[in-house]
Amino acid sequence: MKEKLKELTNKKSFHIVMLIIIITVIICTVGMLVLRYHVEGETNMPFTLSKISVISSCEGVDKEAVDTKWAFDVYQSNDIYLYIDKNSDYEKTEIIQSVCIDNLQVEAKEKEKIKIYRPDTEEEKVIFKNKEENRVDKLEYLGDVESDLKALKISNQGGLVAFRCSYDNLAEFKSDEEQILHTELLKKANVTLEDIKVKLTFDLTIKLESKKEYKTTITLDLPNENVIEDGVASSERTDLKEFIFKRVQE
């Protein structure tokens, strides 16, 4: 029996078969690791996306009234806040170089009316203002000692970034009423939720001083459903497992 085994193992065909088996096992193992990474992404990042908040609102921009007391262009805005937190389980010290929001894409009934805005730098009492000079197609928050939304700065140890997705010139509303509440403009202008539905997709990239980069793609359905009835509606998401971060290869 031993002689037969020895004879078998000495054959060239046996070594070829064993080599094929070893190569197959390696390929399968690598394939499983790649598949797992594709599904799970980075499992121990130095910084994590911990929460997404969306504040949906409406407002009217005064325009010249010819035959009525009031005339407004109605806007529906969605202020999006992304919370980047330090991972307490990450053992090494890392520093945020920047956080980028780009590759913004929208699906909407009237896509051309969707505008993206950065925080306003002039108004002290509000974060966003729908002005032409605030329009952007991407944003980059630079890492700094402290976060400052208006200056597009984020604390290098984690903080907050934000931008606005707005449905501009959604409708026109005229009225002779004595008083108009802007929170009621969507309802008064007979705007429906179907009219203002937006699917917003964008890339979020966290860049570190160590040259590491992590990117995910985020899709949001806007606005919050109660905005027509209430005028202002907010939501928070903390279960963000669907947004998978992956290393950006240099």
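Guide: Helices (H or I, at least four residues) and strands (E, at least two) are DSSP runs, numbered from the N terminus. This is a predicted model, in which local features need pLDDT of at least 70 and side-chain atom pairs count only at pLDDT 80 or more, while totals for chains, interfaces and linings use all residues. Residues are numbered from 1 along each chain as its sequence is written, and side-chain values use heavy atoms, with hydrogens and water left out.

Visitor: In which loop is Glu132 found?
Guide: Glu132 counts as exposed, because its relative accessibility is 59%, where exposed means over 50% relative accessible area, buried under 20% and partly exposed in between (1.4 Å probe, protein chains only). Its C-alpha atom is 9.6 Å from that of Lys115, a residue 17 places away in sequence. The loop that holds Glu132 runs between strand E4 (114-117) and strand E5 (139-144).

Visitor: How many helices and strands does the chain have?
Guide: Of the 250 residues of the chain, 37% count as buried. Among contacts (heavy atoms within 4.5 Å) between residues at least 6 apart in sequence, 71% join residues at least 24 apart. The chain has five helices and 11 strands.

Visitor: Which strands stand at the edges of the open sheet of six strands?
Guide: The open sheet has the order E6-E5-E3-E8-E9-E11, with mixed pairing, where two strands pair if DSSP finds at least two bridges between them. Two of these strands have a single partner strand each, so one side of each is left without a neighbour in the sheet. They are strand E6 (153-155) and strand E11 (246-247).

Visitor: Within that sheet, what is the bridge partner of Ile96 in E8?
Guide: Strand E3 (residues 96-108) and strand E8 (residues 198-208) run antiparallel and are joined by 10 bridges. The partner of Ile96 in E8 is Leu208.

Visitor: How many of the residues of strand E2 are buried?
Guide: Strand E1 (residues 47-62) runs antiparallel to E2, with 15 bridges between them, and Asp62 has Phe72 as its bridge partner in E2. Strand E2 (residues 70-86) is largely enclosed by the rest of the structure, because the buried residues number 13 of the 17.

Visitor: Which residues does Phe163 touch, not counting residues up to four places away in sequence?
Guide: Phe163 is one of the residues that touch the most other members of the largest nonpolar core. Its contacts are Asn78, Asp79, Ile80, Leu82, Ile101, Leu104, Ile116, Tyr117, Phe128, Leu139, Leu200 and Phe202.

Visitor: How many disulfides does the structure hold?
Guide: A disulfide is a pair of cysteine sulfur atoms within 2.5 Å. Cys58 counts as buried at 8% relative accessibility, and Cys100 is likewise buried, at 8%. The number of disulfides is zero.

Visitor: Is Gly231 buried or exposed?
Guide: Gly231 lies in the loop between helix H5 (227-230) and strand E10 (232-237). Not counting residues up to four places away in sequence, it touches Ser56, Ser57, Cys58, Thr183 and Asn226. The C-alpha atoms of Gly231 and Ser56 are separated by 8.0 Å, although these residues are 175 apart along the chain. At 0% relative accessibility, Gly231 counts as buried.

Visitor: Which strand gives the most to the lining of the second largest pocket?
Guide: On a 1 Å grid over the protein atoms alone, a cavity is a set of points where a 1.4 Å probe fits but cannot get out, and a pocket is an open set with protein on both sides within 12 Å along at least five of seven lines; lining residues have an atom within 4 Å of a point. Of the 13 residues that line the second largest pocket, the closest to its centre are Glu59, Asp79, Val126, Phe128 and Arg164. E1 and E2 each supply at least two residues of this lining. The strand that gives the most, with four residues, is E1.

Key. A nonpolar core is a set of buried Ala, Val, Leu, Ile, Met, Phe, Trp, Tyr and Cys residues joined through side-chain atoms within 4.5 Å.
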